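Hi,

Here is the structure I said I would pass on. Have a look at it first, then read my notes below.

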Amino acid sequence: MARLQKTWWQRNKYLLNALILVLPCIYIYQALNPTFPDLWQEQTIGEFKIAPMPLNMEQPYSHHNEYVKDFFLAFNQGEISNIRQAYLNIGPQPLPLSELAKGDEGIMHGTNHGQHAHAIASATISKGDKLWVTIQTWQGEELVQHWSIPSQLIQQ
């Protein structure tokens with residue numbers, strides 16, 4: 001019969017098992033308790049009052065070969081069903097609806113409680129850029145509003 005010696009590994013290998021059991025709990029806790037930046041100042045655009053919020057304070061990332069930044073838009077007033085199409089972009093000026101409608105980036109989607117969008121952006125956000133919301137209603141009215149970009153998001 002083989003005799004096992006009490007090596008360091010034999011005495012402590014259960015610690016590896018405990019670590020494997022604890023790590024998923026840490027990741028689940030972090031996933032269930034995310035931290036988001038504050039909402040930006042609410043502004044009125046037509047019948048809507050909108051407050052955007054970036055999902056993180058990092059630079060835009062590449063998504064399907066286009067640079068985008070994720071935003072949540074809280075609609076505090078107005079009926080979402082009155083919107084035909086709505087887009088979000090970051091730049092010195094708003095992109096025209098004809099250009100925005102060519103692809104699926106920048107389009108807002110979600111529920112009555114809030115909308116999500118991958119805002120079209122360049123690789124870095126510069127000082128002259130603004131966050132632009134372009135909304136087209138079912139009556140054909142085009143509404144445009146912008147927010148200044150906070151200094152934490154501007155690449156020096």
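**What turned up**

Let's start with Asn65: with 77% relative accessibility, Asn65 counts as exposed (exposed means over 50% relative accessible area, buried under 20%, partly exposed in between, with a 1.4 Å probe and protein chains only). Asn65 sits in the loop between S3 and S4, and has a positive phi of about 65 degrees without being a glycine.

Before going on: this is a predicted model, where local features need pLDDT of at least 70, side-chain atom pairs count only at pLDDT 80 or more, and totals for chains, interfaces and linings use all residues. Residues are numbered from 1 along each chain as its sequence is written, and side-chain values use heavy atoms, with hydrogens and water left out.

His64 is in that loop too, between strand S3 (61-63) and strand S4 (66-77). (Strands are DSSP runs of E, at least two residues, numbered from the N terminus.) His64 is another non-glycine residue with a positive phi, near 55 degrees. Its relative accessibility is 64%, so His64 counts as exposed.

Strand S8 (residues 130-137) pairs with S9 in the antiparallel sense over 7 bridges; to pair, two strands need at least two bridges found by DSSP. Thr134 is opposite Val144 in S9. The hairpin has 4 residues between the strands, and Gly140 takes a positive phi near 90 degrees there.

Which side chains of S9 (residues 142-148) are buried? Leu143, Gln145 and Trp147, which point to one face.

Cheers
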